[in-house]
Amino acid sequence: MCKNGKFTVKTNETGKVFIVTGSNTGIGKETVWELARRGATVYMGCRDKVRAEEARREIIEDTKNQNIFFIELDLSSLDSVRKFVEVYKQQEDRLDVLINNAGVMLGPRKLTKEGFEWQLGVNHMGPFLLTILLLDLLKKSAPSRIVNVSSVSHSYGNLNIKDLNSEKSYSEVGAYNQSKLANVLFTRELAARLEGTGVTVNALHPGVVDTDITRNIIFLKINFGKGVKYMAKPFIKSAKSGAQTTLYAALHPDLERVTGLYFVDCKPKNVSKAATNEETAKFLWTESEKWTGAPTVPLN
């Protein structure tokens, strides 16, 4: 498990290939850093080329692991997702672990390049397509894993079936919670569809982490000012601490056959009632296939 909040199990990841999205800062960067220390080959999927290259060079210099690479990935563009997969498959013929870490949080309503509500598009639709397009390599490389970074905010979310794209009404918090619920629904439905393939998929809450994604957190930074953030500081994790459950889900040997679960602080936790609704999960899957044009993944 995690000892004193740190994943301490020693593993050798030499020869294994990982993809970590949103990995030029925060939790993603710390995840890549630890994977590099363990000998892994890691592909960083990031939107910001400059910051990604800076992070990549820093990690290589520190770990002496030269097998850290960057491929541009903008999850708000399905064309970018497809291009990422195309470039990756030109370079690698296997994938041991896909870590869907990238995400956005709050802000005024805006749309992705395909017209999806921004938070739903970046947090769910982009990762959905990315995952489906990489399933062939994950199956080929089995036993392999998919790790979806969600949030405890999924517990406050509802999937708005009648207005999934928030066109009739928009709440930035509601849209964020919906996108995080989508992560858990996707995880559970995908686990069912991948049963027997040797590919597992689990979701997690990293904790409340002080990273770039919190730039828009209104209740901490705007409405109540710096004083509340200072008082909340003991409960806010560093990026390194926030990465520990991701590392646990991606690396712990005991989880090789564990699938469809949700982890908090390296322990399985119950998900919200909304996240267990199979009909909602199937609705989301069908809509996600339609919206993204992803290939169909039949139930085994």
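**Figure 1. Cys46 and Glu72 are bridge partners in a pair of strands.** In this predicted model, Cys46 finds its bridge partner, Glu72, in strand E5. How does the chain get from E4 to E5? It goes through helix H2 (residues 49-63), making a right-handed β-α-β crossover.

**Figure 2. Strand E8 sits under cover.** E8 spans residues 199-205, and seven of its seven residues are buried. Which way do its residues point? Val199, Val201, Ala203 and His205 go one way, while Thr200, Asn202 and Leu204 go the other way.

Figure 3. Let's take E7 to start with: E7 and E8 run parallel and are joined by six bridges. Look for Ser144, which stands opposite Val199 of E8. To get from E7 to E8, the chain passes through helix H5, and this β-α-β crossover is right-handed. Now for E9 (residues 262-264): E8 and E9 pair in the parallel sense too, over three bridges. Leu204 has Phe263 as its bridge partner in E9.

**Figure 4. Helix H5 packs against helix H10.** Two packed helices are described by the angle between their axes and the distance between those axes. For H5 and H10 (residues 278-292), the angle is about 90° and the axes are 9 Å apart. Angles of 65 to 115 degrees count as roughly perpendicular, so that's the label for H5 and H10. Who's touching whom? On the H5 side you'll find Ala182, Leu185, Phe186, Glu189, Leu190 and Arg193, and on the H10 side Thr280, Ala281, Lys282, Leu284 and Trp285. Sort the residues of this contact by type and you get seven nonpolar, one polar and three charged.

**Figure 5. Asn160 sits in a loop.** Find Asn160 between strand E7 (144-149) and helix H5 (172-193). How accessible is Asn160? Its relative accessibility is 34%. Buried would need under 20% and exposed over 50%, so Asn160 counts as partly exposed.

Definitions and conventions. Residues numbered from 1 in each chain as written. Predicted model: local features only at pLDDT ≥ 70, side-chain atom pairs only at ≥ 80, totals over all residues. Heavy atoms only, no water. Helix = DSSP H or I, 4+ residues; strand = E, 2+ residues; numbered from the N terminus. Buried < 20%, exposed > 50% of the residue type's maximum accessible area, 1.4 Å probe, protein only. Axes fitted to C-alpha atoms, helices over the stretch in contact; angles between N-to-C directions. Parallel < 35°, antiparallel > 145°, perpendicular 65-115°, else oblique. Contact = heavy atoms within 4.5 Å. Nonpolar A, V, L, I, M, F, W, Y, C, P; charged D, E, K, R; others polar. Pairing = 2+ DSSP bridges. Right-handed = clockwise from strand over helix to strand, strands pointing away.
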